[in-house]
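The following paragraphs go through a model chain by chain and contact by contact. Please keep the sequence and the coordinates at hand while reading.

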There are 4 protein chains.
Amino acid sequence: MLESLKSEVCQANLDLVKHGLVIFTWGNVSAIDREAGLVVIKPSGVAYDGMKPEQMVVVDLDGKVVEGSLKPSSDMPTHVALYNAFPEIGGVVHTHSTYGTAWAQAGIDLPIVGTTHADYFADTIPCTRDMTEGEVKGDYEKETGTVIIERFEGLNPNHIPGVLVKNHAPFTWGKDAHDAVHNSVVLEQVAKMAYIGKMLNPEMGMNGLLTKKHFERKHGKNAYYGQ
Amino acid sequence: MLESLKSEVCQANLDLVKHGLVIFTWGNVSAIDREAGLVVIKPSGVAYDGMKPEQMVVVDLDGKVVEGSLKPSSDMPTHVALYNAFPEIGGVVHTHSTYGTAWAQAGIDLPIVGTTHADYFADTIPCTRDMTEGEVKGDYEKETGTVIIERFEGLNPNHIPGVLVKNHAPFTWGKDAHDAVHNSVVLEQVAKMAYIGKMLNPEMGMNGLLTKKHFERKHGKNAYYGQ
Amino acid sequence: MLESLKSEVCQANLDLVKHGLVIFTWGNVSAIDREAGLVVIKPSGVAYDGMKPEQMVVVDLDGKVVEGSLKPSSDMPTHVALYNAFPEIGGVVHTHSTYGTAWAQAGIDLPIVGTTHADYFADTIPCTRDMTEGEVKGDYEKETGTVIIERFEGLNPNHIPGVLVKNHAPFTWGKDAHDAVHNSVVLEQVAKMAYIGKMLNPEMGMNGLLTKKHFERKHGKNAYYGQ
Amino acid sequence: MLESLKSEVCQANLDLVKHGLVIFTWGNVSAIDREAGLVVIKPSGVAYDGMKPEQMVVVDLDGKVVEGSLKPSSDMPTHVALYNAFPEIGGVVHTHSTYGTAWAQAGIDLPIVGTTHADYFADTIPCTRDMTEGEVKGDYEKETGTVIIERFEGLNPNHIPGVLVKNHAPFTWGKDAHDAVHNSVVLEQVAKMAYIGKMLNPEMGMNGLLTKKHFERKHGKNAYYGQ
């Protein structure tokens with residue numbers, strides 16, 4: 001069942017290690033088969049070293065396990081909430097990468113101050129609000145999805161493929177698992193550069209024209225970009 | 001004598017290198033056999049490269065060497081003090097890891113500002129007070145244990161498995177040597193992220209509800225966590 | 001055609017990876033054959049892993065492709081503008097290296113505060129101005145060259161072989177591709193050290209005499225330097 | 001001639017690379033044979049990769065080349081000045097290591113704020129004054145030694161085996177080449193930790209009693225230290 005997607009998701013999880021985004025098991029990747037309405041996700045608490053595609057867990061869009069002998073990642077309900085809310089995304093990544101997590105802990109939106117950022121994210125990467133007592137004590141991981149989705153009211157998740165969950169860490173997404181991992185790497189790197197820049201010049205900013213130019217030369221109708 | 005524990009302690013010392021927590025011989029791990037009342041610890045000043053289980057030193061809970069041709073780590077009396085004071089811990093680690101040590105040198109408690117921290121430490125990681133002239137000139141390494149234990153009055157060492165010794169460096173502990181090393185890695189990573197976050201937003205904080213949720217979903221009665 | 005230059009340019013692109021200056025395809029190197037008036041540059045969007053000399057693209061000094069089945073890097077018009085304006089340079093490098101890019105995003109000139117900097121760059125590494133609407137909406141990559149060249153009015157590009165493009169990233173150059181890469185490594189390292197130094201002492205500065213001494217003992221008529 | 005010392009010096013230079021203290025050729029190590037009054041030092045501008053003991057250069061205590069077909073490092077006169085002024089040292093190291101150099105560029109003494117520092121350096125690591133016009137235009141590398149020696153008036157170079165040369169970088173020394181490299185690694189690490197600590201708490205400080213305890217338990221008459 002979904003053999004090819006399981007391989008992709010397994011590999012994408014291993015790529016988190018290769019890109020230095022995770023220590024221990026602090027990260028997870030999923031991908032969706034939109035036709036089947038099924039999500040493939042990393043199993044819970046399994047180490048990356050030696051992870052196999054057949055260990056991936058299959059869940060439906062209600063978050064019920066459809067296949068797999070292991071439990072899905074405990075962050076699964078957040079992944080599923082995002083697939084339900086953002087119909088064009090095909091992969092989701094969650095990590096506790098150093099700089100992205102530090103911005104999330106600081107509770108600050110990650111400002112768009114450079115073309116590296118604008119090449120992948122059309123605007124500021126938003127940070128969610130504090131969760132309420134009801135959300136924390138209730139179906140916490142699902143409600144984590146809820147606050148992300150609320151934060152994207154009026155924003156285009158296809159143009160801003162990531163978020164900072166306050167006091168927690170980033171989530172990113174993309175057209176598939178590989179693309180979502182790619183966006184995680186970018187988020188971590190722009191988080192690091194924006195941190196250094198903010199220390200050098202707290203007033204730093206960026207011309208909106210330039211932002212638009214960079215996003216569109218790469219993602220617009222007449223895209224031509226390639227370094 | 002205690003062959004299996006010596007292997008564990010030796011491996012845990014080598015894991016400090018693997019996780020980038022030590023340079024030269026700046027770190028040491030011990031573990032205790034509670035039934036026998038004996039502690040196995042790294043020998044003094046021995047390089048990690050080529051270290052063997054049979055070089056580990058065995059001491060009793062008064063800090064007297066029971067077996068081993070090498071001297072125990074000079075930090076041994078601190079380890080022994082912790083085993084005596086905290087009856088449920090099975091392993092102790094001391095390193096001069098970069099960010100943990102920097103917070104210790106700054107003399108500041110490491111604040112709990114994210115779920116990465118709350119997944120392992122239920123609250124702020126405390127920093128000890130200045131040592132007195134008597135403590136420094138007396139049985140210094142044992143007194144280092146004393147100030148740690150004093151700092152934990154009213155705190156649960158099983159829920160906060162680590163401390164910053166002021167102007168010195170962190171100690172962590174856990175149910176065994178491996179777990180104590182794991183907590184050292186976590187302490188260093190959360191120290192790094194809290195540093196970056198504090199630079200971004202000196203007023204950062206975290207909802208106590210969220211703290212409790214994260215610690216309990218991993219360590220509480222109904223633990224279910226696993227990324 | 002230009003076999004030897006293609007090999008050099010390919011190797012110089014791979015050296016960006018070796019020196020940790022790029023992730024993904026975020027960087028490109030070119031070199032010029034001044035006699036032939038032809039520039040060899042990295043192809044667009046090609047990964048470094050497995051890149052071959054025969055994939056390099058040849059363009060003339062109007063930016064027209066003369067040879068190559070792949071498209072040239074989208075930054076090619078900036079490279080060509082620099083070769084046209086600075087007649088003594090033989091190689092150009094563009095990267096989004098972490099600290100250099102952070103200074104560019106902060107929009108601040110990189111000050112000369114140490115001999116490491118002065119050994120390679122005779123003065124502050126300048127940052128360009130904001131681009132106008134016309135420049136951004138027009139021939140953007142070529143105009144990026146224009147603002148660099150404008151910033152160098154009154155400056156000697158042979159003595160200051162690099163620039164920060166505001167909200168974008170650094171460009172460096174040199175007598176050939178290898179030398180331009182060398183200057184990229186230096187720019188990144190001095191950007192990192194100047195960042196740390198500015199945090200420690202915002203008033204830091206450097207005696208102009210010492211600057212001159214270091215640049216001239218290495219690049220002056222009676223150069224004698226070598227660590 | 002001095003075969004064994006050449007091997008030691010060559011290996012010590014290669015150790016700078018292993019410890020991540022140098023890029024390109026930005027560092028050099030020497031050692032002295034006190035009986036012969038001869039210094040062995042890295043040749044000028046030679047890459048570390050493939051460096052051989054027989055390439056080392058031998059100079060006397062006036063800085064004259066006694067043996068070797070290559071030129072000595074251009075920093076040689078500073079090394080020689082230190083050997084002449086500090087009669088008990090056996091090895092000297094100069095690097096542009098990142099954090100040590102940043103403190104030197106900031107022009108600030110590196111404060112003693114932790115036991116890691118106190119285990120090797122008995123007090124603050126001093127920063128030299130600005131050099132005068134005469135010193136810079138005169139025998140510059142020798143005068144670099146002069147300002148270091150002047151800064152150590154009233155200080156014990158055996159207890160503080162290193163210095164920050166303002167706007168330049170650190171020099172360290174030790175009983176032999178290996179020990180001097182060891183002190184370079186320590187200086188870089190304590191420079192990094194003191195940087196982070198100063199950002200966290202600009203008022204940080206350390207009890208002089210603790211400083212003395214740590215230095216003496218390792219270097220005093222009754223030394224017993226070993227982690």
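Copies of a chain are superposed here by least squares on the C-alpha atoms of residues with pLDDT of at least 70 in both. Two copies of a chain are related by a rotation about an axis and a shift along it. Chain C can be laid on chain A by a turn of 90° and a shift of 0.0 Å along the axis, with an RMSD of 0.0 Å. The two copies are thus related as by a four-fold rotation axis. The residue of chain C that comes closest to this axis is C:Met199, whose C-alpha lies at 5.5 Å. The copies use different surfaces, in that 5% of the contact residues of chain C recur in chain A, where contact means heavy atoms within 4.5 Å.

This is a predicted model, in which local features need pLDDT of at least 70 and side-chain atom pairs count only at pLDDT 80 or more, while totals for chains, interfaces and linings use all residues; side-chain values use heavy atoms, with hydrogens and water left out. Residues are numbered from 1 along each chain as its sequence is written, and chains are lettered from A and ligands numbered from 1 in the order in which they are written.

Chains B and D can be treated likewise. Chain D is superposed on chain B by a rotation of 90° with 0.0 Å of shift along its axis, at an RMSD of 0.0 Å. Of the residues of chain D, D:Met199 comes closest to the rotation axis, with its C-alpha at 5.5 Å. Which chains have no contact with each other? No contact joins chain B and chain C, and their closest C-alpha atoms lie 11 Å apart. Chain A and chain D are likewise not joined by any contact, and the closest C-alpha atoms of this pair lie 11 Å apart.

Helices (H or I, at least four residues) and strands (E, at least two) are DSSP runs, numbered from the N terminus. Two packed helices are described by the angle between their axes and the distance between the axes. Axes are lines fitted to C-alpha atoms, for helices over the stretch in contact, and angles run from 0 to 180 degrees between N-to-C directions.

Helix α7 (residues 177-200) of chain A packs against helix α3 (residues 98-106) of chain C at an angle of about 55°, with the axes 8 Å apart. That makes α7(A) oblique to α3(C); angles under 35 degrees count as roughly parallel, over 145 as roughly antiparallel, 65 to 115 as roughly perpendicular and the rest as oblique. The crossing of α7(A) and α3(C) is right-handed. A crossing is left-handed if the near helix is turned anticlockwise from the far one by less than a right angle, and right-handed if clockwise. Residues of α7(A) in this contact include A:Gln189, A:Lys192 and A:Met193, and those of α3(C) include C:Tyr99, C:Trp103 and C:Gln105.

α7(A) also packs against helix α7 (residues 177-200) of chain C, at an angle of about 45° and with the axes 10 Å apart. α7(A) and α7(C) are therefore oblique to each other, and their crossing is left-handed. A:Tyr195, A:Ile196, A:Met199 and A:Leu200 of α7(A) make the contact with C:Tyr195, C:Lys198 and C:Met199 of α7(C).

A:His79 lies in helix α2 (residues 76-85) of chain A. At 0% relative accessibility, A:His79 counts as buried; buried means under 20% relative accessible area, exposed over 50%, partly exposed in between (1.4 Å probe, protein chains only). Leaving out residues up to four places away in sequence, A:His79 touches A:Asn28, A:Val29, A:Ser30, A:Ile41, A:Val92, A:His94 and A:Phe171.

In chain D, helix α2 (residues 76-85) is mostly covered, with seven of its 10 residues buried. D:His79 is one of the buried residues of α2(D). Among the elements of chain D that cover them are β1 (27-33), β5 (91-95) and α6 (140-151).

In chain B, B:Gly114 is found in the loop between α3 (98-106) and α4 (115-118), and B:Gly114 counts as buried at 1% relative accessibility. Apart from neighbours within four places in sequence, B:Gly114 is in contact with A:Gln105, A:Asn167 and B:Met206.
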